[in-house]
Amino acid sequence: VKSVDKLFFLLGLLGAGIVISFFEQRVEAAACCGKSSAAPFLMVGDDQMQLSFGLALGNVVALIADDGVPNFGSSKNSETSQSYKLDMATLLSDRLQGGLSVPVTTYKVSKESVKESSTGLGDVRLSLGYEILPSWSYSSWKPQGFLFTALTLPTGRAYDGSQRMLATDVTGAGYFSWTVGALFLKKWTVWDVFLVPEVHYSFARTLEDLGGTYQLNPGLGGSVGVGFGISPGSGNLRLGLRVQPRLEQGVQVSSPARSGNYILSQGATVGACDTGIDASYMISSVDSMSVSYTDQTLLGPAMNSTLSRSLGLSYQHRWER
Amino acid sequence: MIISKIRMNRQFKSLSNLLSLRETGSLSSKVSVILGLSLALSSKGFCFPKQIGGMDLVRGHSVQVDFKQARLATVVLFLSSRCPCSASHQITLEKLSKEFTPQGFRFVGVHSNADEEEGIAKEYFKNSGLTFPVIQDRKCGIADALGAFKTPHVFVLGSDGEVLFQGGVDNSHISNQANKHYLKDALALIAEGKKPSQKEVRVLGCEIRR
């Protein structure tokens, strides 16, 4: 695990360089925060369609309880993920765009002498974005702004449906989830900044097993992404830094069969914070490559979660208007 | 480059009024001053130039364009010497100039890109085939006064410098792929004595480096 960590760290440093691509390549590092979060794939330029193919390699390096103290665990155990994601966004009208995100994930878990690996479709996301603050003329302060909403479908396998001992076949949260948020961007010469607040609500569902019928109510979650970047010499390279803390309500478990929908467990609030560096390079006016490194062990709040480090690579192609 | 005869518009006057309130010192007036200042500064029409001028990159001599001299309106086109989107619209703009100049419009180009060398720009526009002047705006004074964002970015200005239409020439980066011709439609309506159906549209192209 330590050698893999070192490799990720070195690759992260070497990769020092993405984003606008915070949106183009969001690394899904947090297995903990599977209830869908952060911004959907949005076109922020003057394009009519955009496609992105991304690969993210994640490595769980610590487990953190509600006391906020990370347990970096045994080097005999490892938990890694390899996610492929296809993102698409297309214009529906001059200021309205629709998007689709399809992830496929491979999890590999090694615990003591047991090794297990599975691959499966993750939770598919449909999204809509509206450019509420368009940049139709120059302003030294007015940002470009989008409102977005997204529906995450439980197309991946949830924990309760797992058929593997180490749950490597869990690729989804198991809930329909609705996200609303905003994205604000501003560029000044070679500098840019962005802000992405979002909240999401995951809908309750019923679980039936041998023990009876239960209702799982995951509730609300949210995150705020902030970051900045620089394009040295106004060239084709952009280097960026971003931070995105996120919180999720605990999953409340109740028993509808008992009087008053008896609450069996309130669940524990889950938190993690992505800190990342990114580099993106415009290969041509319509093609770009991105590299990102995300670390959840650097900043808080973190509680009741696994903490990961991950490396993301992506390729984007745009069709201009 | 000259930007002269700047007149205060209504927002500027209201800003002056708000600033005078500051002397009263009340909290509400201070809040009003801040709000007024924000509103006034947010307007790209804070001060309308009534005349622009500078070195004409096409002919190599100084030129001044007074908006009052155009019978109907002045069409100010922000262009670039290296933006493909700007280049793809030059033939269209020259055609529009030929079609609408006799109807009372005056066309003038402006080159405001800080990252494009003046010598290269001069050579480029000299050989561009454009028949209207292209003013060198080295310090982006004209671009800042009008709020020009990208190339090509078009402003159709009335005799007092008021914006009748602003935005893109059409709805495509590549002129011959466009299916909505915003500038042509706006000029046709103004020529008929009507207002453009859209006063502001999206501008596509390369960002003007300031």
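Chain A and chain B bury about 1,500 Å² between them. Each chain also has an open sheet to look at: four strands in chain A, and five in chain B.

**How confident is the prediction?**
- Chain A has a mean pLDDT of 85, with 87% of its residues at 70 or more.
- Go carefully with residues 4–37 of chain A, where pLDDT stays under 50. The model has 123 contacts beyond four places in sequence for that stretch.

**Where the chains meet**
- Of the area buried between the two chains, 49% is on carbon and sulfur atoms.
- On the chain A side, look for Asp46(A), Trp136(A) and Tyr138(A): they lose the most area to chain B, together 45% of what that side buries.

**The four-stranded sheet in chain A**
- Read across, the strands go β10-β11-β14-β15 (chain A), and the pairing is antiparallel.
- At the edges sit β10 (205–209) and β15 (262–265) of chain A, each pairing on one side only.
- Neighbouring strands here are turned by 35° against each other on average, direction ignored.
- Strand β14 (residues 252–255) of chain A is joined to β15(A) by three bridges, and the two run antiparallel. To see how they line up, find Val253(A), which stands opposite Ser265(A) in β15(A).

**The five-stranded sheet in chain B**
- This open sheet has the order β8-β7-β6-β10-β11 (chain B), with mixed pairing.
- Its edge strands are β8 (134–136) and β11 (163–167) of chain B.
- Here, neighbouring strands are turned by 20° against each other on average, direction ignored.
- Strands β6 (residues 73–79) and β7 (residues 105–111) of chain B run parallel, joined by seven bridges. Thr74(B) has Arg106(B) in β7(B) as its bridge partner.
- Helix α3(B) packs on this sheet and touches β6 and β7 of chain B; its direction makes about 155° with that of β7(B).

**A helix pair in chain B**
- Helix α3 (residues 84–100) of chain B also meets helix α6 (residues 182–191) of chain B: their axes come within 11 Å and cross at roughly 10°. The two helices are therefore roughly parallel to each other.
- From α3(B), the contact uses Leu93(B), Leu96(B), Glu99(B) and Phe100(B). From α6(B) come Leu183(B), Lys184(B), Leu187(B) and Ala188(B).
- Sorted by type, the residues of this contact are six nonpolar, two charged and no polar.

Note on methods:
Residues are numbered from 1 along each chain as its sequence is written. Chains are lettered from A and ligands numbered from 1 in the order in which they are written. This is a predicted model: local features need pLDDT of at least 70, side-chain atom pairs count only at pLDDT 80 or more; totals for chains, interfaces and linings use all residues. Side-chain values use heavy atoms; hydrogens and water are left out. Axes are lines fitted to C-alpha atoms, for helices over the stretch in contact, and angles run from 0 to 180 degrees between N-to-C directions. Angles under 35 degrees count as roughly parallel, over 145 as roughly antiparallel, 65 to 115 as roughly perpendicular and the rest as oblique. Contact means heavy atoms within 4.5 Å. Ala, Val, Leu, Ile, Met, Phe, Trp, Tyr, Cys and Pro count as nonpolar, Asp, Glu, Lys and Arg as charged, and the others, Gly among them, as polar. Two strands pair if DSSP finds at least two bridges between them. pLDDT is the predictor's confidence in each residue, from 0 to 100. Buried area is the accessible area (1.4 Å probe) that two parts lose on being put together, summed over both.
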